[in-house]
Amino acid sequence: MQKLITIKKDESILVSSQVESFLKPDYVYLPLLNEDHILVRLKDKIKIGDALEQASSYLAPVSGVVRGLKKMTSLKNVSYFFEIENDFEERRKEEAKIKRKISKKEFLSLFPNLAHKKNVVLNAIDDEVYVSTENFYLFLHYEEFLELLDKMYQLFSLENIYVCLRASSSENITQLMSDLGMYPHILLKMVPDTYLLGQSSFLLSYLGLHEEDTEVILASKLNDAYSFLVRGRTKSDQLITISGNVVKKPMVIQVKVGSLLQDIVNELVCITSDDVLYFANGLMRGKEICLDSFVVTEELNSLLIMKRQEKEKAGKCIRCGMCHDICPVHLHPLLFSNPTYWEQAENKCIKCGLCSYICPVHIQFLLDRKEEHHE
Ligand code: SF4
Ligand code: SF4
């Protein structure tokens, strides 16, 4: 198995166990995917769950009035968003009744490969330092998750179900232990605090399981599945972690999909420095963002706010070989400046950032590639 490493972190940054909420934004923004498919017009009144364009999985998370299209930024590769002004009436499109019986077909509509699997792994591991989003989905919804996993087990005659979480998630472990007695076929697997174990392929290899017969489901996705299958509800909110070394009280927040990140920060976050950098989805694999007009879409799981530090100047390579030794897919990052090598390596590289993290002379391989690309 691939050697896994522990990323150094500031142990004083602890996400509070209380979940905050930001569920009443004045405006929300939904990505426009195809302008030929728009179903609404300016000033239309909409309900929660209404579609704004054909064939889009983005449904209105609030009731309100369509105010137009606006240029915004997000982790989604689109430029324009529908602007909806919240009327706070919480009018909902008619929803299915709460169900206790879920058919095989309904499960397969969300997890189409389940029919061919022997095992299910519930993955509640956050693969970035200071991020606790997946862990909190499990913490808040473990009873519902166990119920749903048990139904899967019976309907699909599964052999094993594993619930995977970090060994350091002590509150989650205590809760789960007390309920797991009722589900003898669901096994708890605690994994060490090493980087990349939250990635399906690494987790499966750690557990000694194979991709062909195992379905790996993230805790956030199982939560969406429970809301849809049992409550008949479409997704209107999600969890995000906001933390970092300048955040007075790091926390997990339940937010309306489509909220502006700046509004959430203004209302709930106390930042202890003026000179900071913002990172979406972690320090290792996430990216630096500008908060202005940044919309929360389902791809966003965290915002890290870090004090700006003098960028360490890259030195001369000392040929230690550590960048190659650590690479989980056995690439030679030193050869990235060679266009022929990069062409083959680009798709293989999982952009984990380990090569730059380990380099003693601070060479930023992927950043250097991007900069070269833009020249
Ligand atoms: S970022 Fe790419 S090259 Fe660097 S260690 Fe990760 S997979 Fe290897
Ligand atoms: S880790 Fe840095 S110093 Fe070592 S071989 Fe790679 S680029 Fe050179």
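Helix 5 has buried residues whose cover includes helix 1 (104-110), strand 6, helix 2 and strand 9. Here helices (H or I, at least four residues) and strands (E, at least two) are DSSP runs, numbered from the N terminus. Contact means that two C-beta atoms, placed from the backbone, lie within 7 Å. This is a predicted model, in which local features need pLDDT of at least 70, side-chain atom pairs count only at pLDDT 80 or more, and totals for chains, interfaces and linings use all residues. Residues are numbered from 1 along each chain as its sequence is written, while chains are lettered from A and ligands numbered from 1 in the order in which they are written.

The buried residues of helix 5 are Ala219, Ser220, Leu222, Asn223 and Ala225. A residue is buried if 20 or more other C-beta atoms lie within 10 Å of its own, exposed if 12 or fewer, and partly exposed in between; these C-beta atoms are placed from the backbone.

Strands pair if DSSP finds at least two bridges between them.

Strand 6 is mostly covered, with four of its five residues buried. Strand 6 (residues 119-123) pairs with strand 9 in the parallel sense over five bridges. Asn119 has Thr214 of strand 9 as its bridge partner. Strand 6 also pairs with strand 7 (residues 160-166), again parallel and over five bridges. There, Val121 stands opposite Tyr162 of strand 7.

**The core**

The largest nonpolar core has 81 residues, and Leu122, Ala124 and Cys164 have the most contacts inside it. Such a core is a set of buried Ala, Val, Leu, Ile, Met, Phe, Trp, Tyr and Cys residues joined through C-beta atoms within 7 Å. Helix 2 (residues 133-155) gives the most to this core, with nine residues. Beyond its neighbours within four places in sequence, Cys164 is in contact with Val121, Leu122, Asn123, Ala124, Ile125, Lys189, Val191 and Leu203.

Strand 1 and strand 11 pair in the parallel sense over four bridges. Phe22 stands opposite Val255 in strand 11.

Lys256 sits in strand 11 (residues 251-256). Lys256 counts as buried because 20 other C-beta atoms lie within 10 Å. Leaving aside neighbours within four places in sequence, its contacts are Phe22, Leu23, Pro25, Val28, Pro61, Val62, Ser236 and Asp237.

Most residues other than glycine have a negative phi. Tyr130 lies in the loop between strand 6 and helix 2, and is buried, with 24 other C-beta atoms within 10 Å. Phi of His330 is also positive, near 60°. His330 lies in the loop between helix 7 (322-326) and helix 8 (339-345). His330 counts as exposed because it has 9 C-beta neighbours inside 10 Å.

**The ligand shells**

A residue is near a molecule if its C-beta atom, placed from the backbone, lies within 6 Å of it.

| Ligand | Residues around it | Closest residues |
|---|---|---|
| Ligand 1 | 15 residues | Cys327, Cys349, Cys352, Leu354 and Cys355 |
| Ligand 2 | 13 residues | Cys317, Cys320, Met322, Cys323 and Cys359 |

The shell around ligand 1 divides into 13 nonpolar residues, one polar and one charged. That around ligand 2 has eleven nonpolar, one polar and one charged. Ala, Val, Leu, Ile, Met, Phe, Trp, Tyr, Cys and Pro count as nonpolar, Asp, Glu, Lys and Arg as charged, and the others, Gly among them, as polar.
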